[in-house]
Amino acid sequence: MNTQSFASAKNLSPECRDAVHALLLATADTKMFLGFHYGEWTFGTPALEAGIAACCMSQDEFGHLRLLHGCLTAQFGDSPGELLEKRALDSFANMACLDRPLVKWADFVAVNLFADGALTVILTGLQKSAFVPVANFVDKMVEEEKHHLRNAQGWFRTLATYNSQTKAALEEASRWALSPTLEWLGPSNHAVMQSLEQNGIVNVSWEMLRQRFLDWVGAFAYEQKISIGLEQTNGHWAPAFPLDFSQWNPRLRRCTPTQPDEKILYHLRGSKNAIFKLGE
Amino acid sequence: MAGIKPFVANNFLKQNIMASQRIYEVFARKAHEEPIMHVGSVNAPNDELAKVYAWTAYDEEKWLEMCVVRRSEIIPVLNPEDKPIWGN
């Protein structure tokens with residue numbers, strides 16, 4: 001693995017530059033949609049404190065989004081307008097489980113655990129990254145994400161053990177959220193991931209990061225007696241369902257050309273209040 | 001927020017989870033030399049969520065240390081009968 005560090009995106013090779021750009025954009029997009037859904041669940045939670053926690057996590061995600069957009073603008077020349085306002089729906093690289101509104105509380109909990117959890121595992125892989133602009137802010141993100149995962153684990157345990165109805169709802173939501181999360185993580189042997197590894201952008205192999213996520217959620221769900229579609233072989237957890245990465249798009253981190261709900265983008269862009277956008 | 005989350009009756013969950021909640025008292029301090037003080041309380045179904053809720057509900061200060069205690073575990077030494085100890 002590379003021991004060189006890169007103070008700026010200009011110092012990266014063209015293929016590594018594209019790989020870092022795609023990863024940061026996909027991370028930013030996922031955080032933007034997560035932040036939106038968490039924000040929506042400020043209201044209607046099973047308890048007032050759960051609404052405060054959801055709102056707080058939403059603020060964290062939008063704070064992280066701001067840092068990521070700042071990095072994308074400064075290092076890769078992306079304009080803030082292009083990152084959100086002027087992008088086609090089919091160009092967003094968020095996890096597909098965030099494409100639609102989270103209707104049930106169990107959906108929220110599943111996304112909190114799987115989508116936010118997978119993102120956090122990737123962020124830990126970016127700690128001490130050879131790409132200095134990312135290494136500079138990622139530790140703070142990981143620190144804040146610890147509370148998100150505590151919230152996810154606390155609610156997952158609560159729903160898993162409360163009664164058969166909550167357990168069934170959690171199982172269904174978990175199976176729904178896990179597959180698109182693994183799709184977003186992508187195939188470890190892809191050239192994009194190998195470029196990230198070889199240039200020290202991530203501190204361990206992509207396969208190790210992916211396995212770290214699977215082993216964590218696999219063991220955790222097993223402890224709670226929730227079947228999420230993973231099976232254990234040789235001490236490691238792996239999907240028991242097929243994942244076909246032959247059509248995987250490294251820019252969108254999706255296997256099929258799906259896209260987020262237009263209504264969510266309408267709200268995220270503040271389209272209803274377009275006339276109040278000053279200076280544009 | 002004028003959101004798009006469809007209204008779904010989560011009432012079953014709400015009523016049942018609410019019924020299983022405990023009250024936790026939250027204590028914190030901003031510096032080692034300061035005494036730890038009572039900053040408020042949270043309702044939570046278990047210790048794990050009580051920790052998250054304490055952190056998210058009382059994050060307006062830069063705390064150095066924070067802990068939660070189940071109210072039921074607190075042994076009163078002086079307890080004025082006309083007012084609850086914690087105010088709620």
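This is a predicted model: local features need pLDDT of at least 70, side-chain atom pairs count only at pLDDT 80 or more; totals for chains, interfaces and linings use all residues.
Local features were required to have pLDDT of at least 70 and side-chain atom pairs pLDDT 80 or more, whereas totals for chains, interfaces and linings use all residues. Residues are numbered from 1 along each chain as its sequence is written, and chains are lettered from A in the order in which they are written.

Chain A contains 9 helices and 2 strands, taken as DSSP runs (H or I, at least four residues, for helices; E, at least two, for strands) and numbered from the N terminus. From that end, the order of the elements in chain A is α-α-α-α-α-α-α-α-β-β-α. The radius of gyration of chain A is 18 Å, close to the 19 Å that the globule rule gives for 280 residues, so chain A is as compact as a globular protein of that length; the radius is taken over C-alpha atoms, and the rule is 2.2 Å times the number of residues to the power 0.38. The C-alpha trace of chain A spans about 55 × 55 × 35 Å along its principal axes. Of the contacts in chain A with a separation of 6 or more, 72% join residues 24 or more positions apart, a contact being a pair of residues whose C-beta atoms, placed from the backbone, lie within 7 Å.

Between the chains, 28 residues of chain B are in contact with 28 residues of chain A. On the side of chain B that touches chain A, α1 (11-19), β2 (37-44) and α2 (47-57) of chain B each supply at least two residues, and the largest share, 8 residues, comes from α2(B).

Definitions and conventions
Two residues are in contact if their C-beta atoms, placed from the backbone, lie within 7 Å.
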